[in-house]
Amino acid sequence: MSVPATATLPAPEALEQGSSLGHDAWLRLRKNQLAVFGLVCLAVVAVLCLVGPWLLPYGYEEQKLELGASPPGAMHWLGTDTLGRDLLVRLLYGGRISLGVGLAATFVALTIGVVYGAVAGFFGGKLDAVLMRIVDIMYSLPFPIFVILLMVFFGKNIILLFVAIGAVEWLTMARIVRSQVMAVKRMEFIEAARALGFGKRRIIFRHILPNILGPIIVYTTLTIPAVMLLEAFLSFLGLGVQPPMSSWGVLIKDGAEKMEEFSWLLVFPAALFSLTLFSLNFLGDGLRDALDVRSSKD
Amino acid sequence: MFRFITSRLLQSLLALFLVITATFFMIRFVPGGPFTAEKAVTPEILRNLEAHYGLDRPLWRQYLDYLVSLGRGDLGPSFKYPNRTVNEIIGDKLPVSAELGALALAFALVIGITLGTLAAVYRNTWIDYVASTFGMMGISIPTFVVGPLLVLGLAIHLGWFNASGWYGPADRVLPAIVLGFAYAAPVSRLTRGGMLEILGQDFIRTARAKGASELRIITRHALRGGLLPVVSFLGPAVAGILTGSFVIETIFQIPGIGREFVNSAFNRDYTLVLGTVILYAVLIMALNLVVDIVQAWMNPKVRLEE
Amino acid sequence: MLRPLTSALALLLLGLAAGCGRPANPPVTPASGPAAAAAPAKGGPMIWRVGNGAEPQDLDPHIVTGVPEHKILMALFEGLLSENPQDLSPEPGIAERWEISPDGLTYTFHLRAGAQWSDGVPITSTTFVRSYQRMLTPALGAEYASMLHHVRNAKAYNEGKLTDFSQVGFKAVGERTLRVTLNQRTPFLLKMIATHYSWYPVPIHVIEKFGGLARKGTAWTRKENFVGNGPFILKDWKPQQVLLAARNPRFWDHARVRLDEIHFFAVENQDSEERMFRTGQLDLTNELPVAKIDVYRKEFPESLRIDPYLGLYFYRFNVERPPLNDKRVRRALALAVDRESLVKNVTRGGQIPAFSVSYPGTAGYAPTAKLTGKVEEARQLLAAAGFPGGQGFPKLELLYNTSQNHRLVAEAIQQMWRRQLGIDIGLRNEEWKVYLDTTDARKFDLQRGGWIADYVDPHSFLEIWTSDNLNNDTGFKNADYDRLFAKALAAPDDTARYAVYQEMDALLVEELPVIPIYHYTRVVAMNPRVQGVYPTLLDNHPYKYVWLRDAAR
């Protein structure tokens with residue numbers, strides 16, 4: 001913001017209110033059309049998934065075997081699957097699972113990964129070595145075996161789904177955060193903060209993290225679809241939604257096998273999946289711009 | 001630097017040992033074994049089978065035997081494919097996956113970094129939109145959708161390629177594109193994010209003020225820092241891409257090692273599971289080491305040792 | 001706001017591209033397309049390219065257990081007997097004639113002169129005896145050794161209780177006569193010998209050179225060492241890709257063999273396989289995705305093959321778990337399944353609804369006892385058992401192994417039970433090995449099962465339900481059934497034997513340890529140029545009778 005040369009200093013009482021990062025960010029976000037669009041889209045999808053099934057005449061498991069897979073029409077707006085079930089209802093129901101698991105598990109992975117990576121990157125030395133070797137070890141362990149073991153010891157809980165997914169997705173996040181922290185921690189403003197005597201925790205969370213939000217946000221938007229598709233893989237192992245319930249990942253997988261004969265079974269789940277991801281992405285970009293303390297957009 | 005590398009290698013060896021131990025015992029606790037089959041075998045035959053593979057010995061004994069043979073470089077016979085050893089299976093399949101992976105990686109890096117940089121430089125213009133859309137599509141459309149689509153279009157409709165198989169050079173094209181596309185997308189997104197961070201910084205402004213051309217600014221000044229998030233993503237990503245992708249190999253019938261990572265677990269082929277885990281662990285640790293060194297080179301503020 | 005628009009367009013394009021895939025290309029004839037390089041040109045060698053499912057584990061008949069291996073072994077080996085291409089009845093193989101003693105306990109096989117391995121070494125009766133000895137050697141741990149247990153003392157030798165093989169009922173009487181003595185009358189023995197690879201001879205002289213007879217997985221099956229006696233020899237083996245078999249000039253019947261080569265492709269994914277068929281890379285597939293069956297029916301009917309297959313798709317009950325221990329509950333659940341709808345709308349492959357365990361038409365046997373009854377009867381039974389309208393019925397679970405097809409069938413049946421009986425059954429899928437383990441331990445309420453016969457005889461399905469059979473897994477123990485089983489084996493001829501089988505089938509329909517759902521069919525895509533492949537109940541097609549119409553010969 002440039003100040004006209006002829007401006008006079010405002011009277012002391014009219015000094016601006018101090019503004020927190022969060023408040024500033026929200027103001028900027030509101031102005032970003034795409035981000036708002038993304039947020040609105042997401043909200044609409046979420047509401048549809050939560051409320052929609054009650055408004056629709058068909059149950060998600062209601063079969064019409066004689067009908068089989070039929071293309072979109074007046075009776076079934078998005079068509080039906082091979083068992084004659086309405087695709088729209090199943091898509092919305094599946095959205096509950098996918099959105100819920102996708103967002104929650106990503107949040108878990110994000111939290112763990114950021115804290116872990118920040119600690120490792122900031123403190124460096126032996127701690128960093130140990131923490132990173134643990135990451136290496138967890139990377140290498142065979143995932144299907146790990147999941148089956150989880151199921152053997154803890155039964156088939158929906159919570160296990162989060163544990164299994166979260167256990168895998170935080171690893172790369174931790175690595176990315178670590179490398180970013182390592183790049184930033186020697187910058188002058190961090191030196192300044194240290195000189196000012198700020199505690200380590202404050203430095204990490206209040207000074208370093210806001211400056212590396214960019215890649216974190218981007219990687220989070222990369223993680224969410226991975227999580228949703230990982231859930232589809234887990235349902236193969238028997239963890240994840242049980243039929244007749246379905247999720248977007250499973251719907252897309254099934255639709256992909258029938259893409260020539262019943263293309264609507266792929267197109268609509270994939271479209272909704274992509275729309276959600278795009279929205280999350282716009283929102284993420286918007287958040288990053290809004291929270292960007294160094295942005296030189298002017 | 002030398003001290004750093006040796007210390008890192010030692011750490012990695014320890015980590016590798018832990019991985020092997022954990023995996024060895026993990027797979028034994030999982031229900032079902034290599035000989036669990038639909039047409040059940042009599043207990044006597046099962047006993048003989050287990051004796052043949054030494055599975056009737058106490059577990060700690062088997063573990064030690066395995067470590068000893070590992071020391072000799074012998075990964076053991078495969079349970080599922082009795083007339084081939086794990087060494088042979090990996091020796092046959094790894095080069096295939098590596099070839100596919102290298103091609104896909106080249107594609108992903110070239111396309112991904114270019115598009116990401118363009119998107120960052122021409123931020124909020126149509127170039128940015130197209131590049132970002134491409135990026136998002138790669139992420140939100142899974143490979144098991146892209147693969148068959150490409151096969152339907154290019155192989156079946158247009159007849160330019162075989163539907164699957166790994167026989168001639170032409171068979172490399174489709175799988176490399178699909179796998180590359182899947183990685184180009186995150187690479188382009190991370191590049192864009194990283195470049196945006198860098199391009200907003202003061203030293204870039206300084207360079208501009210000094211009259212440097214945009215191209216020079218990008219290639220000489222910005223890329224080095226802007227690619228930082230890509231590099232740390234690439235560590236495990238390269239390991240993943242080099243060991244092939246289960247989905248791609250299944251769709252295109254490629255005799256690579258990617259499928260074995262998953263199938264060996266499903267077959268409870270104990271030795272092959274361990275072999276693939278060791279392979280992957282070695283790759284991951286080596287690549288992470290390389291990534292750390294590269295990161296330090298790219299950003300001198302990042303010190304390797306404390 | 002360009003971004004959302006471009007993305008929407010991109011998606012739409014992809015969707016249209018997918019939609020435009022129908023009705024697309026007919027399966028390409030090999031003379032065109034990129035697969036022309038892989039396909040034989042007119043006037044070139046006659047090569048039959050077959051999709052063979054999973055990668056073969058090994059090529060040793062004593063080690064393998066699966067169908068893909070069986071298909072390959074049929075090309076590389078021949079046993080005492082061969083199969084008729086149309087009905088799989090036993091035909092002379094290495095044995096040119098045989099006699100059966102009046103008490104049915106002794107079979108004498110006369111081997112033909114000049115029978116030899118592909119390296120020229122002659123095949124004698126001693127070869128067979130030593131092969132069977134190897135198969136039964138305890139240290140080898142051959143999983144299908146039980147196929148030989150009908151022979152006197154074979155089981156004892158296999159279990160290590162007997163160490164003198166000369167006591168086992170295999171005797172080489174002179175160079176070209178093999179005498180086999182059985183424990184008891186085994187009416188289906190010849191069918192077993194003709195069909196199953198556990199009875200094939202193996203090249204002892206080669207195996208001995210590579211680590212001995214009791215070692216699994218030795219190098220003798222590598223392509224440079226392999227020796228067989230079948231219509232084809234191993235030409236090349238690229239693991240996880242393709243196995244090439246070329247005609248064997250030393251095969252006794254090689255004049256009849258018309259194919260020059262068979263290429264067995266290890267293709268696990270059925271969608272990929274179908275695409276390979278369409279581009280002309282394959283002449284015959286191993287499976288066909290359910291979604292494509294109707295498309296082929298309408299548009300490429302000449303490439304669609306639906307053949308009967310001797311297999312049963314069923315749900316097991318855990319008969320020791322209440323309320324499934326109540327016969328009425330089992331019958332109610334069994335009656336409420338609408339098999340016709342299932343077969344017509346869900347599986348779509350011309351499968352036959354099953355109302356009995358045995359297949360209607362197995363070597364002349366057709367069970368008369370049938371599971372008949374309407375849904376009303378089911379409801380009454382359920383009420384009589386104490387669950388009127390499904391009230392109070394515990395929430396049970398149906399276990400199945402992860403697969404799209406199994407899931408669809410399970411979902412459909414789950415709905416049938418809910419709608420017709422008011423019963424809520426949960427579905428639970430497990431990965432294959434876990435599922436097998438759970439089944440073995442009988443930790444299920446209901447379980448999806450399947451059984452493919454090993455030879456064309458009703459015995460193959462009925463023997464499973466005896467009290468001590470390892471594949472029973474239901475907890476069904478019925479003394480009458482066991483008694484009938486022994487009686488059938490002792491029957492003097494097939495007519496008497498079949499009469500006992502009728503009683504056994506009736507008992508199964510009465511007690512219902514399982515719900516028979518449908519009898520399998522084999523649905524595959526086959527290029528019309530393939531000739532000599534007849535519908536057989538086991539999907540075995542002796543390769544010396546197969547040829548390709550438009551190729552050289």
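How many residues of chain B are in contact with chain C, and how many of chain C with chain B?

The model is predicted, so local features need pLDDT of at least 70, side-chain atom pairs count only at pLDDT 80 or more, and totals for chains, interfaces and linings use all residues. Residues are numbered from 1 along each chain as its sequence is written, chains are lettered from A and ligands numbered from 1 in the order in which they are written, and side-chain values use heavy atoms, with hydrogens and water left out.

**View 1. Interface of chain B and chain C.** Contact (heavy atoms within 4.5 Å) involves 59 residues of chain B and 63 residues of chain C. About 5,300 Å² is buried between the two chains, 56% of it from carbon and sulfur atoms; buried area is the accessible area (1.4 Å probe) that two parts lose on being put together, summed over both. On the chain B side, B:Glu38, B:Lys39 and B:Asn83 lose the most area to chain C, together 13% of what that side buries. There are 4 salt bridges between these chains, a salt bridge being a side-chain nitrogen of Lys or Arg within 4 Å of a carboxyl oxygen of Asp or Glu. C:Glu431 and B:Arg268 form a salt bridge, with the closest N and O atoms 3.0 Å apart.

**View 2. Interface of chain B and chain A.** Here 60 residues of chain B touch 57 residues of chain A. The buried area is about 5,200 Å², with 68% on carbon and sulfur atoms. B:Met26, B:Glu197 and B:Lys301 supply 12% of the area that chain B buries against chain A, more than any other three residues. The rule finds 4 salt bridges across this interface. The side chains of B:Asp292 and A:Arg178 meet in a salt bridge at 3.1 Å, N to O.

**View 3. Helix 5 and helix 6 of chain A.** Helices are DSSP runs (H or I, at least four residues) numbered from the N terminus. Helix 5 (residues 143–154) and helix 6 (residues 158–184) of chain A pack at about 150°, their axes 11 Å apart; axes are lines fitted to C-alpha atoms over the stretch in contact, and angles run from 0 to 180 degrees between N-to-C directions. The pair is therefore roughly antiparallel (over 145 degrees). Residues in this contact include A:Phe146 and A:Leu150 of helix 5 and A:Val163 and A:Ala167 of helix 6.

**View 4. Helix 7 and helix 9 of chain B.** Helix 7 (residues 173–199) and helix 9 (residues 214–226) of chain B pack at about 115°, with axes 8 Å apart. Among the contact residues are B:Gly194 and B:Ile198 of helix 7 and B:Ala222 and B:Gly225 of helix 9.

Terms used. Helices (H or I, at least four residues) and strands (E, at least two) are DSSP runs, numbered from the N terminus. Angles under 35 degrees count as roughly parallel, over 145 as roughly antiparallel, 65 to 115 as roughly perpendicular and the rest as oblique.
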